[in-house]
Amino acid sequence: MIKHIKKYIFDLLILCFLGLIPLLWFRGDEVILGHDAGLTLEPISHFYDRLFAWTDRFAFGTDQTYAIPGFFIHGLEALISSLGLSLQKMQQVIFIFWLILPGLCMYYFAIQIAKKYKLRYFALPASLFYMLNHFLLQGWFVAERTKFSLYAALPLLLAFVFAWTEKKRSTFLTGFYISFLFFLLNGEASLPLFGSVILTMATFTFFYFFEERSFSKFFQLAKLAGLTLVISCILNAYWLLPFGYYVLGSYSKEVAQAGGLLGILGWVNYISEKSSLINLFRLQGIPEWYQNPLHPYANIFLHNPFFITVSFLIPFTAFLSLVVLKKHPARSVAIFFAFLALISMFFMAGSHPPFGAIYLLFVKFIPGFIAFRTPYYKFASSLWLAYAVLIGLTVNVILEYLKKKNHIFFFITSLFLIISFLAYNYPFLNGVFFDYIQGQRTNRVSVPTYVYEFGKWSGSQKRINTKTLSLPPPNNEFKVDSYKWGYWSLAPATSLLTNAPIISSSTYASSDQGDLINLLYKKMESNDSQWPKLAKFLGIKSFLLKKDFAWNLKDSPTAPPSAYEPALHRNDLKLIKKFGEWEVYDFTSLDKVTPITNAHSMDVVMGNVKAMDLISSLPAFDAKSLIYFATDIKKLDSSLVPYFQRVYSKPDCINCDLQYSYSYYNTSTPLLTPKSKLYPLIIIKRIWDEKHLGKEPVSVLNYYLTRSMQDLLIYQKLGTMREKGIYTQRSLVNYNYSLSRINPIINKLVPSFDNIKLIEMNNVFRTEKLILDGEKNNLDADTKQFLLQSLSQLNNINMTFEKYVWQTTDEEHKKYLVTIPKDDWYRISYSNHVKNEVADTLNFTLNEKEYSMPTSSSANHTSEDTKDKIYLKRGTFKMQLNQQITNLVNNSAELNIDNMHCYNSSQIKLNKNDVYRVTFFHQANKSTKLDVAFIIDNKIKTSEFEKINSDLKWQKYSKDYVTDLPKKILSLKICGNPVDKLTTNTVKDLELRIISKPDVLFYTDRSVNDHLLPVSSDKINQTLYSVNTPIKHNNKLFLLNESFSQYWNIENGNSTHFIANGYANGWLHSDPISKPLIIQYKIQRLVEAGFTITGIGVFSTFLYIGWRKRKKHEK
Amino acid sequence: MKNKTLSWIVQNYKKLLVLIFMHIILSAAFNSPYINIIQIYISFIPYLVDWIFILIVFKLDKEYIPSLALTLFVLAYAFQLLNKIDIQEKTGEIIFILLTTYIVLSLPKLKLSR
């Protein structure tokens, strides 16, 4: 053994020496933290937390089954930390390990090849190239250990299978070695990261069978694959069991989160923009290099002539091996790896031509291939592996030749190669790659001491279960957690610091949780007197005000910390601890918060969690309520209905902002038009479809709706092709035919449709009308006749719909559908943020009956008198609320605008998501253009002006403006055409209005003495609670204040599980409770079972191998 | 050298004419309605057919292919310096096809396990 090491000691020393490079990356007390790094500030407690399938670190708790395969990656960090090293030292050790590991693994593989083909100078160059390169560099900026682990495993995998084909190792041992390799280096079980492993094994299998196709070879390979699979399943049971169980139910959710198939295809195109084959040959095309103009080093590699030259020398050197090894026995190796390089490039190129369309077909049609939506990064490892081998082969030939010919040349060339190699990888030497937006953002940060102090304190036994709200909130769109001391990431810094539940509206919060948390933030920012009730309702006891929060970043601004100070300076709150810039406030008056509470009854809300805005503002709102949210009266769980006490119904204002949706009814433009020679095929298909359509009216309607839309899209397509005559007429004839079929069905079916369906179909017909009108002016007289027929039929259909559909169609009459789940007396609450209006009396109609009622702000809530209330029976009511329109600009006089003078309106404070509508009448003394524009934050470009035609006739102009970006000021500018000197434009009746969306709430205010009471329980760990018996209050409704998940379960007895308070776990436990109730996160049991199987598997496999070796030795 | 090239052209002019004719026909065919759907997915298909034709009819010595690919790398480098990125991209595609051809032609004699 020592003799072997001595032989390679020089090479190993060089590898290890270069492996110490990470020592150059840290300046002062900096550590690597932020972005996607996933490096934590407390490795030991973080590792302990990741042994559980549920964590309290994010929002109200979240599943982290995905994190369990990170056992070894995080375990290693925890192990080194446990030696007493500082965080920086621990990171240095870890980084050295991950930098050297690929080099050593490659060296092991390269030595096997070198020994076989007697290549003296092959192993070291190949290993160095594999260890230090730009692919790894791009991963190093976030210390992507998952990627490094599989990257390191790849050459070892090949070493094992090559040795197996050469019969140097038995099938069982090879299977065990491969399984054990991926047991330790598992890429945190991220399937996409296995892209290169799959490609490499596919290439190996191809070559394996190309040499000789026989049953015995197939059997051998099947045996190896089967053994590897079985051993891998046993060794990886600790994560396979829980992860497999979780993933089985979440594939479609993952796809939806990635933006659906269309979103994924768009992403593939974005990533593949620069991955042309020539860039891939040069080992470039890394998406980040081109997308980030402030990339720390990419611009030098893209534009500096020296680096450009080297980038061409790389593929030249690699493929030179095919020429220089023509008669060498290692030629087979060169061909294998050249093939691997080319196949890797094919996949890495993603959707880039010339093979891009094929890749997109894979994404669309191969199940699971969607996982490889970032093709460049997922298939790159095998390209770098192939290049390392090919370059190693060429360098070996060159150096062997020079060694024979001239020692000086050999020395000079070796030195040149080393210097060029280090120069080409210079970012490794100074750690500049961590500064991922040069001069602005870096992952090298100096963490203030007070942050660590807070972490320790919040992780203490006393605080570990205290739900704390983090202030200020992250930016609502980008959810970035960023601090003045440099940390920037989507992962809240507190989640890397402590296992305590520090809540913020981060990406880890579900949509409903995000809405509730944001509502609390909003109420705290405005210091709404009711905010403490909402906080208590969410189980939040404490508040962390971070004064070092980078709240004013250009791309992710949020409210400053000072905005929350007035809310925190209340009598019932106390500053209990100060850690530098971080302050912790606790409620003084709060009872002991227990994770489990119970109640005898609950309140029901017809609406979503956003209704809590109005509900929590009601004077009678009880923070200890148990609330059940329902949106559909028909889907109410009948077992829960008897427990409903108070009722809240928050109807949505239907289409109040007057922003109509358009729908193509999931139809895309057909490829074949009546102009096509193949169009008869479509006709034949339609005849066949009609024959087999059946008589079920809804299917018939769906069929003809799709067909009508297809015909109209053909009509539109022909219009863009400037077709006017017979073909356009034919498409309209077909369309009219479909409408004639739709019309009688609509008359029959429409009364039975619910309002959502009616609106959806109305949107389809509105779209069709738009398409018909769009081509109106391009048609000849004959075709126009057909168009008139279409429009007439469409008008008839629309008239039928107007009778039944319930939606707002103007600014004055707001329409709602009120769902009442229970007969009772109801009060009404009203708010309109546009006018900051709190009306005393509200006039409205319910099912056309007129009412006038005092609102929550003026009603006498103590009175049981029914005069301020309305008695409503269970059911759905059509409500109409009449609103007055307010003009935001005061211009009653006519305005005269010429080429020298513009009209500028007063400035209006802009609210996000509000719709602003401008309307006016205009005319001019001759035909001209009028420039109109909305000016946002006092900035306008000439190109943003809309040019409208104006002439002697009075014309009405109307335009809406809406933004979801945080803009501040809006104003209106109208200018005459600068070229028309003698023209005067007249503008009158100018109005700028916000199209309001008033909130209305119906509620019963009966006094209910019942509210949530604490239950004596033990939190055994974050996945297991035990409710102690006897339970003091014999209530059947239980609340666990953790995010709802179907996997939370009461182990003993029958119970109905439901979403309580909009985010938490609620149970109706109807069985008598005689023994302690166990509440468990089910997946954790699989984790425990998995770890047991893994443990036994590792132990018995080693035992078996030991026994075999002994037996072999005895023989 | 010049005479050698000339004599090669004289010897093979019929094949060359067939190749040129075939390329024109194929390009037209793949641009015609309905068949152009194939070209949407595999844009290089006429060239691929040309290349297969060349390999079969002219019986190229495969050992020249890697050298040709390496020469094209030098050419691609020149295009990079001249900022002719589009041409450089096409050169990369040709290199890819050349190297793939070489590997495919080399496979029958390949013995990885020995």
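Colleague: Two strands count as paired if DSSP finds at least two bridges between them. On that basis, how many bridges join β33(A) to β34(A)?

Modeller: This is a predicted model, to start with. In it, 4 bridges join β33(A) to β34(A), residues 1024–1027, and the two run antiparallel.

Colleague: Which residue of β34(A) stands opposite K1019(A)?

Modeller: Y1025(A) does.

Colleague: What sheet are they in, and in what order do the strands come?

Modeller: An open sheet of 4 strands in chain A, ordered β33-β34-β39-β36, with antiparallel pairing. From one strand to the next the twist averages 15°.

Colleague: Which strands stand at the edges?

Modeller: β33 (1017–1021) and β36 (1048–1050) of chain A. Each has a single partner strand, so one side of each has no neighbour in the sheet.

Colleague: Switching to β18(A). Which way does β18(A) pair with β19(A), parallel or antiparallel?

Modeller: Antiparallel, over 6 bridges, with β18(A) covering residues 841–846 and β19(A) residues 849–854. N843(A) is placed opposite S852(A) of β19(A).

Colleague: And how many residues are between the strands in that hairpin?

Modeller: There are 2, and N847(A) in the hairpin takes a positive phi near 45°.

Colleague: What about β21(A), how many bridges join β18(A) to that one?

Modeller: 3 bridges, again antiparallel, to residues 875–882. F844(A) has L881(A) as its bridge partner there.

Colleague: Now helices. At what angle do the axes of α29(A) and α31(A) cross?

Modeller: Roughly 25°, and the axes come within 9 Å. α29(A) spans residues 697–720 and α31(A) residues 755–774. Angles under 35 degrees count as roughly parallel, so the two helices are roughly parallel to each other.

Colleague: Is the crossing left-handed or right-handed?

Modeller: Left-handed, as α29(A) passes α31(A).

Colleague: Which residues meet there?

Modeller: From α29(A), they include L701(A), L705(A), M709(A) and L712(A); from α31(A), M761(A), V764(A), F765(A) and I771(A) are among them. By class, the contact has 11 nonpolar, 4 polar and 2 charged residues. K757(A) and E768(A) of α31(A) are part of the contact too.

Colleague: Last topic, the chain A and chain B interface. How many residues are in contact?

Modeller: 47 residues of chain A with 35 residues of chain B. About 3800 Å² is buried between the chains, 73% of it from carbon and sulfur atoms.

Definitions and conventions. Residues numbered from 1 in each chain as written. Chains lettered and ligands numbered in written order. Predicted model: local features only at pLDDT ≥ 70, side-chain atom pairs only at ≥ 80, totals over all residues. Heavy atoms only, no water. Axes fitted to C-alpha atoms, helices over the stretch in contact; angles between N-to-C directions. Parallel < 35°, antiparallel > 145°, perpendicular 65-115°, else oblique. Left-handed = near helix turned anticlockwise from the far one by under 90°. Contact = heavy atoms within 4.5 Å. Nonpolar A, V, L, I, M, F, W, Y, C, P; charged D, E, K, R; others polar. Buried area = accessible area lost by both parts, 1.4 Å probe.
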